[in-house]
Amino acid sequence: GGSLYSSSGQKLVLRGINLQYGDWPSARLAGIHAIAATGANAVRLELRNATTAAELTAALDAIVAKNMVAVLMYWEDDVTCRS
(Lines give C-alpha, C1' and ligand atoms only; values in the text may rest on other atoms or scores of the structure.)
Protein backbone atom coordinates (compact mmCIF):
# COMPACT_ATOMS: atom_id res chain seq x y z
CA GLY A 1 0.00 0.00 0.00
CA GLY A 2 2.97 2.35 -0.23
CA SER A 3 3.49 2.75 3.52
CA LEU A 4 6.46 1.85 5.70
CA TYR A 5 5.98 0.17 9.07
CA SER A 6 8.25 -0.26 12.06
CA SER A 7 9.09 -3.69 13.42
CA SER A 8 6.32 -3.15 15.99
CA GLY A 9 3.72 -2.55 13.25
CA GLN A 10 3.47 1.23 13.64
CA LYS A 11 3.14 3.28 10.46
CA LEU A 12 6.43 5.07 9.88
CA VAL A 13 6.93 8.40 8.13
CA LEU A 14 10.62 9.09 7.64
CA ARG A 15 11.71 12.60 8.53
CA GLY A 16 15.42 12.84 8.30
CA ILE A 17 18.55 14.57 7.19
CA ASN A 18 21.33 13.54 4.81
CA LEU A 19 24.75 12.97 6.35
CA GLN A 20 27.74 12.83 3.99
CA TYR A 21 29.39 10.42 6.37
CA GLY A 22 31.56 8.52 3.91
CA ASP A 23 33.55 11.61 2.96
CA TRP A 24 34.92 12.21 6.50
CA PRO A 25 33.61 9.58 8.95
CA SER A 26 35.67 10.69 11.94
CA ALA A 27 34.53 14.29 11.59
CA ARG A 28 30.91 13.51 10.70
CA LEU A 29 30.03 10.95 13.40
CA ALA A 30 28.98 13.72 15.80
CA GLY A 31 26.51 14.88 13.15
CA ILE A 32 24.27 11.96 14.06
CA HIS A 33 23.69 13.45 17.51
CA ALA A 34 22.99 16.87 15.97
CA ILE A 35 20.49 15.31 13.56
CA ALA A 36 18.70 13.55 16.43
CA ALA A 37 18.47 16.89 18.27
CA THR A 38 16.36 18.30 15.40
CA GLY A 39 13.65 15.71 16.05
CA ALA A 40 14.48 13.72 12.91
CA ASN A 41 13.68 10.02 13.00
CA ALA A 42 15.98 9.00 10.14
CA VAL A 43 19.48 9.58 8.82
CA ARG A 44 20.32 9.09 5.15
CA LEU A 45 23.86 7.82 5.62
CA GLU A 46 26.16 8.32 2.65
CA LEU A 47 28.80 5.60 2.35
CA ARG A 48 31.84 5.53 0.10
CA ASN A 49 34.24 2.86 -1.18
CA ALA A 50 36.67 3.76 1.60
CA THR A 51 34.09 3.46 4.42
CA THR A 52 35.34 0.71 6.70
CA ALA A 53 33.24 -1.84 8.55
CA ALA A 54 34.24 -0.21 11.85
CA GLU A 55 33.13 3.23 10.60
CA LEU A 56 29.81 1.83 9.40
CA THR A 57 29.27 0.02 12.71
CA ALA A 58 30.01 3.21 14.68
CA ALA A 59 27.48 5.18 12.64
CA LEU A 60 24.78 2.51 12.83
CA ASP A 61 25.29 2.12 16.58
CA ALA A 62 24.93 5.89 17.06
CA ILE A 63 21.79 6.01 14.90
CA VAL A 64 20.14 3.11 16.71
CA ALA A 65 21.09 4.58 20.10
CA LYS A 66 19.09 7.69 19.15
CA ASN A 67 16.07 5.57 18.07
CA MET A 68 16.42 6.65 14.47
CA VAL A 69 16.28 4.70 11.21
CA ALA A 70 19.37 4.41 9.02
CA VAL A 71 18.80 4.77 5.29
CA LEU A 72 22.04 3.65 3.65
CA MET A 73 23.22 5.23 0.43
CA TYR A 74 26.32 4.15 -1.48
CA TRP A 75 27.86 7.04 -3.42
CA GLU A 76 30.66 6.79 -5.96
CA ASP A 77 30.94 8.47 -9.35
CA ASP A 78 30.97 5.15 -11.20
CA VAL A 79 27.60 4.03 -9.82
CA THR A 80 25.55 7.23 -9.96
CA CYS A 81 22.94 7.88 -12.61
CA ARG A 82 24.91 9.96 -15.05
CA SER A 83 24.65 9.90 -18.81
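In the predicted model, I32 is in contact (heavy atoms within 4.5 Å) with L19, A59, A62, I63 and M68, its neighbours within four places in sequence being left aside. I32 is one of the 12 residues of the largest nonpolar core, which also includes L19, Y21, I35, V43 and M68; such a core is a set of buried Ala, Val, Leu, Ile, Met, Phe, Trp, Tyr and Cys residues joined through side-chain atoms within 4.5 Å. At least two residues of this core come from each of α2 (31-37), β4 (42-47) and α3, where helices (H or I, at least four residues) and strands (E, at least two) are DSSP runs numbered from the N terminus.

The model is predicted, with local features requiring pLDDT of at least 70 and side-chain atom pairs pLDDT 80 or more, whereas totals for chains, interfaces and linings use all residues. Residues are numbered from 1 along each chain as its sequence is written, and side-chain values use heavy atoms, without hydrogens and water.

E76, in the segment after β5, is buried because its relative accessible area is 13%, buried meaning under 20%, exposed over 50% and partly exposed in between (1.4 Å probe, protein chains only). The side chain of E76 forms a polar contact of 3.1 Å with that of R48 and reaches the backbone nitrogen of N49 at 2.7 Å; a polar contact is a pair of N or O atoms within 3.5 Å, of which, within protein, one must be able to donate a hydrogen and the other to accept it, and residues adjacent in sequence count only if both atoms are side-chain atoms.

N67, in the loop between α3 (53-65) and β5 (69-74), counts as exposed because its relative accessibility is 71%.
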